[in-house]
Amino acid sequence: MSHDQPGESPNDRTARFWAERHRDLAADAHDNFLNHPLIQAYVSLRAFGSLVGHLDVVVAELRSRTRPGDRVLSVGCGPAVKERALARALPDREFVGLDIAPETVARVAAECAAEGLRNLSVREGDFNDLQLERGSFRAILGLGAIHHVERLESFWRGCAHGLAEDGCVLAQEYVGADRFQWTAAQIEAGDAALATIVPLRYQTHHTAVERTPVEYMIAADPSEAARSSEILATCRDAGFEIPGYAGAGCALLQPVLMNQISAFDPQNWVDNHVLATLFREEDRLMREGRLGDDFAMFVAKPRR
């Protein structure tokens, strides 16, 4: 945590505070709290009612919604870690990864070839301007990538164009506040939790919930959570129906725990008790309608 410097003005102190935290705003750092096994269990139980891996859910959905030989597109694949796991789990489907960075595409292609992974290919493309052959994919995956899409209207049109008859989009996404500009309800609930539930020894990064200045968000990653709160609304407005939705909560957990989850030892039952108390509080606030889902898994299908 920051400490005041001699002769430092309030404005200087604020600038230094966020400069020191700039390193924490690397892509996908916001969801590092999900790496804790107890939180993984909480999310799984809330979303699915059982302990199941998130990729296992995708495999099961693809197994039921696609057929051998079908093509599956994953947008914003990056190093394609998830896509490789899916390709191994479903060797009779053809997977295509899409990423905007040519160097990433080249590296992943070379690694897949070296691994002998024949049912996964990667290509360069911009998910803000999907250029897909009509009806060429049975499923389109958004595995933590759609919240980076800025032109959501164009994205959903591209998905509808590229999906085969009875095809679908399968998404596991951050759908919370844009640019992590936490709502007033999140700040109020988060500050109360830090004051009454989370002992100070766990507050290694922050002792209050702060909205990250947008300029620092953009400097770290210009596309991070650009329009995350609009994902579901723009999907419906584009003519999709959402026949399957599983909310994962985390509207309290994320602003309270991000960047300080490492203070909680999964093998320490005192630490786990604090997390369990946070789970109960988040559930209470959700049941009262004061908080919603920051993360969700959903199935979207174009209305034909």
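# Close-up views of a predicted model

View 1. Strand 7 is mostly covered, with eight of its eight residues buried. The model shown here and in the other views is predicted. Both faces of strand 7 are covered. Strand 7 pairs with strand 5 in the antiparallel sense, over six bridges. Within this view, Glu173 stands opposite Ala296 of strand 7. Strand 7 also pairs with strand 6, again in the antiparallel sense and over six bridges. Phe298 in strand 7 is the bridge partner of Tyr245.

View 2. Gly244 is found in strand 6. With neighbours within four places in sequence left aside, Gly244 is in contact with Met297, Phe298 and Val299.

View 3. Seven strands form an open sheet with mixed pairing, in the order 3-2-1-4-5-7-6. Strand 3 (120-124) and strand 6 (240-247) stand at the edges; each has a single partner strand, so one side of each is left without a neighbour in the sheet. On average, neighbouring strands of this sheet are turned by 20° against each other, direction ignored. Strands of a sheet pair through backbone hydrogen bonds, either parallel or antiparallel. Strand 1 (residues 71-75) and strand 2 (residues 94-99) run parallel and are joined by five bridges. Arg71 has Glu94 in strand 2 as its bridge partner.

**View 4. Two helices packed on the sheet.** Helix 3 (residues 54-65) packs on the sheet and touches strand 1, strand 2, strand 4 (137-143), strand 5 (163-174) and strand 7 (295-302). The direction of helix 3 makes about 170° with that of strand 5. Helix 6 (residues 152-162) packs on the sheet as well, touching strand 1, strand 4, strand 5, strand 6 and strand 7. The direction of helix 6 makes about 145° with that of strand 5.

**View 5. Helix 3 and its buried residues.** Helix 3 has twelve residues and reaches 17 Å from its first C-alpha to its last, close to the 16 Å expected at 1.5 Å a residue. Its buried residues are Val57, Val58, Val59 and Leu62. These buried residues pack against helix 2 (37-48), helix 4 (81-89), strand 1, strand 2, strand 4 and strand 5.

**View 6. The second largest pocket.** About 190 Å³ of space lies in the second largest pocket. The lining has 14 residues, of which Val57, Glu61, Met297, Phe298 and Val299 are the closest to the centre of the pocket. Helix 3, strand 5, strand 6 and strand 7 each supply at least two residues of the lining. The largest share, four residues, comes from helix 3. Val57 of this lining is also one of the buried residues of helix 3. Met297, Phe298 and Val299, also in the lining, are contacts of Gly244.

**View 7. Helix 7 and what covers it.** Helix 7 (residues 184-196) has 13 residues and reaches 18 Å from its first C-alpha to its last, close to the 18 Å expected at 1.5 Å a residue. Gln186, Ile187, Ala189, Gly190, Ala193 and Leu194 are buried in this helix. Helix 10 (253-257) and helix 11 (269-287) are included in what covers them.

**View 8. Two loop residues with positive phi.** Arg179 lies in the loop between strand 5 and helix 7. The phi of Arg179 is near 55°, a positive value in a residue other than glycine. Arg179 has a relative accessible area of 13% and is therefore buried, the cut-off being under 20%. Asn259 lies in the loop between helix 10 and helix 11. Asn259 is not a glycine either, yet has a positive phi of about 70°. With a relative accessible area of 18%, Asn259 is buried too.

**View 9. The protein as a whole.** The secondary structure of the protein comes to eleven helices and seven strands. Of the 304 residues in the protein, 51% are buried. Among contacts between residues at least 6 apart in sequence, 81% join residues at least 24 apart.

Technical notes. Residues numbered from 1 in each chain as written. Predicted model: local features only at pLDDT ≥ 70, side-chain atom pairs only at ≥ 80, totals over all residues. Heavy atoms only, no water. Pairing = 2+ DSSP bridges. Axes fitted to C-alpha atoms, helices over the stretch in contact; angles between N-to-C directions. Contact = heavy atoms within 4.5 Å. Expected span 1.5 Å × (residues − 1). Buried < 20%, exposed > 50% of the residue type's maximum accessible area, 1.4 Å probe, protein only. 1 Å grid on protein atoms, 1.4 Å probe; cavity = no way out; pocket = protein on both sides within 12 Å on 5 of 7 lines; lining within 4 Å. Points joined across faces, edges and corners; volume = space filled by probe spheres on them.
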